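Please look over the sequence and the model shown here before reading on.

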Amino acid sequence: KLSPKPRKVLQLLRLKQLHNGVFLKVNKPILNMLKLVQPYVTYGYPSLKTVRELVYKRGYGKVNKQRIPLSANEIISDVLGKDGIHGMEDLVHEIFTVGPKFKQASNFLWPFKLSAPKGGFICKRHGFCEQRGGDWGNREELINDLLSRMN
């Protein structure tokens, strides 16, 4: 059972299921929210390769509140064309560089449904930065290794 405050924060971050993933812009309010839910999430700074693989393999768009696979550039262009995003590479570029239309691009992407990591987690009960070494918390660039095992 989760207390109400972290539950609400996870809901605001669109993390409603186990092994869900989203892209966030790092700013003060988001960092405070992450601090609240730190024992329940792991986060970091993905590389361009990781972002591209996630969007191409597990990317789904939100079209009329429905989850639509990103099979053609027209799907992206119809929704985000007005923001100057017309295809997969534009979307990947906007997400990775955290451009001016990041909010629209990130909101268009449905939260990624990842699988459990190959080889499993090390220790879910301890933080990544703790001496014991666990899984939750900020892993900075090391998030790429975890995501490659989950994708």
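This is a predicted model: local features need pLDDT of at least 70, side-chain atom pairs count only at pLDDT 80 or more; totals for chains, interfaces and linings use all residues.

## Overall fold

The protein has seven helices and six strands, and from the N terminus on these elements follow one another in the order α-β-α-β-α-β-β-α-α-α-β-β-α. The radius of gyration is 16 Å, close to the 15 Å that the globule rule gives for 151 residues, so the protein is as compact as a globular protein of that length. Along its principal axes, the C-alpha trace spans about 45 × 30 × 25 Å.

Among the contacts with a separation of 6 or more, 60% are made by residues 24 or more positions apart. Of the 151 residues, 38% count as buried.

## Surface and charge

The accessible surface of the protein comes to about 9300 Å², and carbon and sulfur atoms account for 55% of that surface. The protein carries 26 positive and 12 negative side chains, and the centres of these two sets of charges lie 12 Å apart.

## The nonpolar cores

The largest nonpolar core holds 23 residues, of which F23, V55, L70, I76, L91 and L109 touch the most other members. At least two residues of this core are supplied by each of the helices α3 (48-58), α4 (73-80), α5 (88-97), α6 (102-108) and α7 (143-150). Apart from this core lies another one, of ten residues, among them L13, L15, I30 and M33.

When its neighbours within four places in sequence are left aside, V55 is in contact with F23, L70, M88, L91, V92, L109 and F112.

Is I85 buried or exposed? At 2% relative accessibility, I85 counts as buried, because the cut-off for a buried residue is under 20% relative accessible area. Leaving aside neighbours within four places in sequence, I85 is in contact with I76, S77, L80, D90, L91, E94, K101 and A105. The C-alpha atoms of I85 and Q104, which are 19 residues apart along the chain, are separated by 9.8 Å.

D83 also has its place in the loop between α4 and α5, and with a relative accessible area of 16% D83 is buried. Not counting residues up to four places away in sequence, D83 touches K101 and Q104; K101 is also one of the residues in contact with I85.

I143 counts as buried at 6% relative accessibility.

R149 has its place in helix α7 as well, but R149 is partly exposed, with a relative accessible area of 23%. Not counting residues up to four places away in sequence, R149 touches A116, P117, K118, G119 and G120. The C-alpha atoms of R149 and G120, which are 29 residues apart along the chain, are separated by 8.8 Å.

## Two residues with positive phi

N64 has a positive phi of about 50° although it is not a glycine. N64 lies in the loop between β3 (60-63) and β4 (66-69), where, at 69% relative accessibility, N64 counts as exposed.

E140 is another residue other than glycine with a positive phi, in this case near 50°. E140 is found in strand β6 (residues 137-140), and at 40% relative accessibility E140 counts as partly exposed.

Terms used: Residues are numbered from 1 along each chain as its sequence is written. Side-chain values use heavy atoms; hydrogens and water are left out. Helices (H or I, at least four residues) and strands (E, at least two) are DSSP runs, numbered from the N terminus. The radius of gyration is taken over C-alpha atoms; the globule rule is 2.2 Å times the number of residues to the power 0.38. Buried means under 20% relative accessible area, exposed over 50%, partly exposed in between (1.4 Å probe, protein chains only). Contact means heavy atoms within 4.5 Å. Accessible areas come from the Shrake-Rupley method with a 1.4 Å probe; for residues, only the protein chains shown count as cover. Lys and Arg count as positive and Asp and Glu as negative; His and the chain ends are not counted. The place of a charge is taken as NZ of Lys, CZ of Arg, CG of Asp or CD of Glu. A nonpolar core is a set of buried Ala, Val, Leu, Ile, Met, Phe, Trp, Tyr and Cys residues joined through side-chain atoms within 4.5 Å.
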